[in-house]
Amino acid sequence: MKCEVCREFWEEYLDGELAPQDREQTDAHLSACVDCSESFAALTAEQDLFARYDREVEVPPFLWTRVAAHTVSENSESRPNWRTRFASLFTPSFAGAVACLLIALAVGIVYLWSRHKAPEPAQAKAPSEVPSRDPVLPSVQSAANKREVIASRKKPGSRVKAPIVHAPIDQSDVLSSDLAYLDMDEQDTAKHIEQSKMLLRSIKNVQISETDDEIDVTYDKALSRRLLNENVVLRRDAEMRAKFPTKTLLADLEPFLIDIANLPDRARSEDVRVIKERVQKTEIVAALLDYQDRGINNR
Amino acid sequence: MTGAFAATLMNTSADLVTRVCQGDADAFRLIFERYSRPVISFIYDMVNDRGLAEELTQETFVRAFRAIHTMRAETKLSTWLFGIARNVARESLRARARANNHVDLGDKSVMDLSDDKPVPVEGLLSKELNGLIRRSLAGLDEDKRLVFTLKVLHQCSYEEIAAITGFSLAKLKTDLHRARAEMRKKISPYAGVGYEV
């Protein structure tokens, strides 16, 4: 192959788009021709330069809220809401049945109220009546709420107020509030460590079955590439600021990010398994957690 | 988050699309979480304005949600989303060009580099390098910027770029080659990359 022909192939070669036969010939020429291999190294260096490009553009947290308002939320609003559904129940025959039920309910309430007003029997019965409400208490109520209920049982004749049950709120995607107290560099590092930890955890927890030949890691790969860029910068910063524990941790983290970033979009299960096992063996996730747990002053 | 994060690894894009079509809002959120960053980066590369990139990313996902049932099974979700993002960015650029009566991304104010003296790449701080690439990118015309961004910065294949842009293979290769040459010309004094093809 002549140098001119070889040069024409370089960009496609670099882009991974060259036909296998042409690639082999280009490889052979590059290993034999000093001039071409030097020029090709310059082209590779240029590519590396662009790979370091970081736009410093983040997806702001409010963006999903805005998108959701025009998509998933809007869609759910277009479905009949509870008012519409409730109003649709009031056909003439159903209204009659509801009226009867309401009358029966009113009579029952008046009867119970008059019994409650009777002095001695009501006082005596109150403690035994209250526990009958227990089955309707939500099973997820907190210990504190249970204590409130027990305390209220001690007051004879007092009404048991149904405890307010707070649904468990998933705040796992909220970064540590410590971030607010850190300076900009420390905030960046803390955020970076958090995101890296989540990435490695996802790799560590990935389920690989015997039948899986490939696993889609497009998202994780892209994330790893971004984190790798950040990691290089933060590691250098940490070194310059003499934050050696941080620097060491970031240096330990880097090989994992490189390995994940270099996976193809549909990675072989075996390759993912190797990384997964290495994450487990080296306990890098524990090291990242430990870093987060330690105080800022120790870093 | 760990569970959700691990789940994102296991959810294929095709599964997510099917679930969105069935009215699963969580699936659409997963799509957003997975692709919002590459989409906003791509749009930012095209429009060179952070606030506008956020708006256009929102518009991209809203359009995607409304049209997702029309997506063909054989289409890759990322390619499809980038195609929408490309249209949204192009419309915005055209509107801005009409408003200004000219596209001024490549004018002197944009391309004005703070220091004429070449600095070796090792001496460039990340921020300076980022600024240099960003300004050089803004100096390319729209088609060249588009193919350069997709290939070099987003590592899309030629096939994907052709699907996103609608360009023929020959056009995209030519545009890409010219874009590389222009970028090299702007960056080489600073980066010390002196090679010519």
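**Close-up views of a predicted two-chain model**

**View 1. Chain A as a whole.** Chain A contains 14 helices and 2 strands (DSSP runs numbered from the N terminus: H or I of at least four residues for helices, E of at least two for strands). The model is predicted: local features need pLDDT of at least 70, side-chain atom pairs count only at pLDDT 80 or more, and totals for chains, interfaces and linings use all residues. Residues are numbered from 1 along each chain as its sequence is written, and chains are lettered from A and ligands numbered from 1 in the order in which they are written. Of the 299 residues in chain A, 17% are buried (20 or more other C-beta atoms within 10 Å of the residue's own; 12 or fewer is exposed, in between is partly exposed; C-beta atoms are placed from the backbone).

**View 2. The side of chain A that touches chain B.** Here 41 residues of chain A are in contact with 45 residues of chain B (C-beta atoms, placed from the backbone, within 7 Å). Elements giving two or more residues to this side include helix 1 (3-14) and helix 11 (218-240) of chain A. Helix 3 of chain A gives the largest share, 7 residues.

**View 3. The loop at A:E283.** A:E283 sits between helix 13 (269-282) and helix 14 (284-293) of chain A. Its phi is positive, near 55°, and it is not a glycine. A:E283 is exposed, because 11 other C-beta atoms lie within 10 Å.

**View 4. The loop at B:Q155.** B:Q155 lies between helix 8 (142-153) and helix 9 (158-165) of chain B. B:Q155, also not a glycine, has a positive phi of about 50°. B:Q155 counts as partly exposed, because it has 15 C-beta neighbours inside 10 Å.

Definitions and conventions. Contact = placed C-beta atoms within 7 Å.
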